[in-house]
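Hi there,

Here is the structure I promised to pass on to you. Have a look at it first, and my notes follow just below.

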Amino acid sequence: LWREIERVIKEAPLRQMSTPGGQKMSVRTTSCGEVGWVSDRKGYRYTACDPESNCPWPALPEAFLHLAQTAATEAGYAGFVPDSCLINRYDPGTRMSLHQDKDERDFAAPIVSVSLGFDAVFLFGGLRRNDRPSRTRLYHGDVVVWGGPARLRFHGVLPIASSADGPHPLIGPHRFNLTLRKAS
């Protein structure tokens with residue numbers, strides 16, 4: 001997975017996107033697959049081309065596809081075929097506010113999330129932003145799948161703490177998250 005992440009980042013570098021309100025997101029992001037997720041003053045959306053290069057996003061690596069399909073099948077979502085993977089890099093101190101993944105056209109498909117590198121505390125809330133979220137520690141290699149009635153639950157990540165053990169031997173001083181979904 002790590003070699004494929006490095007390849008994607010080389011083709012479509014990580015960037016710090018802005019929210020529609022003009023705030024810079026703390027994580028650095030890129031995408032691969034048929035469509036990639038972007039955010040700017042125009043809003044949140046999927047595009048077929050990387051807006052920075054005007055080229056198609058890098059292809060979805062076979063290893064990402066296989067992992068997502070296997071995890072989705074084990075979670076009860078056989079036949080899942082993602083067409084997009086959002087790659088987020090979290091540095092110490094960065095976080096992801098509670099949000100819903102609702103820019104996709106079809107909410108019947110699950111979301112598959114893969115954690116690599118530093119640990120993170122994943123927040124999984126309810127269908128309303130003010131529902132109190134549960135907290136789950138995610139470790140390097142953890143995979144989370146959610147769909148069905150939970151598909152639109154608010155979720156996020158608390159600020160990433162530096163590891164007492166130092167940088168991850170492969171990933172370095174970061175947490176990477178792959179989020180695979182059917183977007184178009």
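This is a predicted model: local features need pLDDT of at least 70, side-chain atom pairs count only at pLDDT 80 or more; totals for chains, interfaces and linings use all residues.

Leaving aside residues up to four places away in sequence, tyrosine 90 touches Val27, Arg95, Met96, Val157, Ile160, His174, Arg175 and Asn177.

Some of those names come back when you look at the largest nonpolar core, which has 23 residues. Tyr90, Met96, Val157 and Ile160 are among the members that touch the most other members, and Trp37 and Phe122 belong to that group too. Three strands each supply at least two residues of this core: E2 (36–40), E4 (84–90) and E7 (120–124). The largest share, three residues, comes from E7.

How many disulfides does a search of the whole structure find? The count is zero. Cysteine 32, for one, is in no disulfide, and the nearest cysteine sulfur, in cysteine 85, is 4.4 Å away, whereas a disulfide needs two sulfur atoms within 2.5 Å. Cysteine 32 is buried, with a relative accessible area of 0%.

Cysteine 49 counts as partly exposed, at 32% relative accessibility.

Enjoy exploring, and write back with any questions.

Best wishes

Key: Residues are numbered from 1 along each chain as its sequence is written. Side-chain values use heavy atoms; hydrogens and water are left out. Buried means under 20% relative accessible area, exposed over 50%, partly exposed in between (1.4 Å probe, protein chains only). A nonpolar core is a set of buried Ala, Val, Leu, Ile, Met, Phe, Trp, Tyr and Cys residues joined through side-chain atoms within 4.5 Å. Helices (H or I, at least four residues) and strands (E, at least two) are DSSP runs, numbered from the N terminus. Contact means heavy atoms within 4.5 Å.
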